[in-house]
Amino acid sequence: MARTGLAGAVRVARWADTSLGPGRDGATADGKATLSEATAERAAADLGLSAAQIRADWDTARLAGLVEVHGDSARPGWRLRAWDRDDSAVLRGWVALFDAWSLACPEPEDHEPAAVAEVVSALPQVLSFLQLSAGPVPVEQLLDLLQQRVTELRTERCEIPYGPDSAGPAGILRPAEPAPVGDTPLAPLLDWALQALGSVGALTYGDGHATLTPLGSWAVWVKLEQICVAAQSPAGNIEQSAEDMLRGCAQLRPNAARAEYRAWLAARPVGSAVTELLGGARGEDALLRGLAFEALRVVGAPAEPDVRAVVDEPALRPYALLWLAEHDGIDPEDAHEVLTREEATWLWVDTAAAVADHGETDMLVRHLEAAVQPTVPVLLDEVRAVGHPRTVQVLVALAAAHPDPALAKAVRRAAFQVHTGG
């Protein structure tokens, strides 16, 4: 259903990808992501459609993330690139369109923007009722529910009129009763909302009834599940920054940590969450670097462009390459093969720094076994050459922890040489 509903948007996005590009006429003309008249006519002629249909499909493509607009230029979104091979990209694109239902159809005229905003805020409860009903629901019943929810929203805002009638004894201002919903005709706004949701394929609307489509029912169920996941944050870090959340997950078992990542991610937009996680990965704490990429594994495909963009950052490169390898289907146990010897050594030092800062001494000794080098002297030579900023601290900690006096002496010597530049 999602593929069928977005077929027109995909067609226009692919046309733009192949027919427009650097050195050619841009897809947009006014910096507002609308197609220029000439471009729309050209696309209509090439695709055998009307210019109006082209513009409608272009708007849908924007809302579904099939194209990304930056100023007066547009480029294909990751969902368009993954369209043929990744069903989750298709579903995420449709959910993005579903989330933007209020932009899909022009809002009715002669209504206060505040009233429109109230209806948009109240619609999730209406959709939840439709989902629970699992069948046609009379519009009159939905209107009653909408009126109740709008009244609740106004009460929660504690609207206070300031005037002579609002002053109590001794001139003290007192809250007034919420403005009655009857003052705002909600029936036309509900009609607009249901038509807009119908235009994106979330429901069917006619004969005085509304019914969620299977796709719409699934989307609402997903939203409800996200709310439940967010409410069940096991370690209570859902409102923390990415860095603080990752620190809170440091002592959790892997399954519990992944549950915490899911809860944290469910409470914020994917794009900003990925940016925040990568920001935490750039810090000095190597443990947070590894945990950030574990959280990005929970994000999955939407994180791919951002992860690919940090491949050239030395501190993040090994982690990003492993993430991308696993994302491309390589078995996690074999993913390390995508790293060069130097990258693997850098990662070994970074992981050792995390162990030295947060683990026990015997863990650091056992970490020697994870090195790709066959002997300790070869490892020390390559560790010295790789130039990791924590090399000295790691070697000093390893020398202090290792029970073999001869090996500990060699490691201390290597640390001194790195420290002195020898």
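Student: Which residues in α9 meet residues in α10?

Tutor: Contact here means heavy atoms within 4.5 Å, and helices are DSSP runs (H or I, at least four residues) numbered from the N terminus, while strands are runs of E of at least two. In this predicted model, Val139, Leu142, Leu143 and Leu146 of α9 meet Ala187, Leu190 and Leu194 of α10. By class, this contact has seven nonpolar residues, with no polar and no charged ones, where Ala, Val, Leu, Ile, Met, Phe, Trp, Tyr, Cys and Pro count as nonpolar, Asp, Glu, Lys and Arg as charged, and the others, Gly among them, as polar.

Because the model is predicted, local features need pLDDT of at least 70 and side-chain atom pairs count only at pLDDT 80 or more, whereas totals for chains, interfaces and linings use all residues. Residues are numbered from 1 along each chain as its sequence is written, and side-chain values use heavy atoms, with hydrogens and water left out.

Student: At what angle do α9 and α10 pack?

Tutor: Axes are lines fitted to C-alpha atoms, for helices over the stretch in contact, and angles between N-to-C directions run from 0 to 180 degrees. Helix α9 (residues 139-157) and helix α10 (residues 187-199) pack at about 110°, their axes being 10 Å apart. That makes α9 roughly perpendicular to α10, since angles of 65 to 115 degrees count as roughly perpendicular, under 35 as roughly parallel, over 145 as roughly antiparallel and the rest as oblique.

Student: Is alanine 193 buried or exposed?

Tutor: Buried means under 20% relative accessible area, exposed over 50%, and partly exposed in between, with a 1.4 Å probe and protein chains only. Alanine 193, found in helix α10, counts as buried because its relative accessibility is 0%. Leaving aside neighbours within four places in sequence, alanine 193 is in contact with Trp101, Val119 and Leu123. Alanine 193 and alanine 104 are 89 residues apart in sequence, yet 9.8 Å apart in space, C-alpha to C-alpha.

Student: What does serine 128 contact, beyond its neighbours within four places in sequence?

Tutor: Serine 128 has its place in helix α8 (residues 113-133), and with those neighbours left aside, serine 128 is in contact with Val220 and Leu224. Serine 128 is buried, because its relative accessible area is 17%.

Student: How many residues does the chain have, and what percentage count as buried?

Tutor: The chain has 422 residues, of which 42% count as buried, and its elements are 22 helices and five strands.
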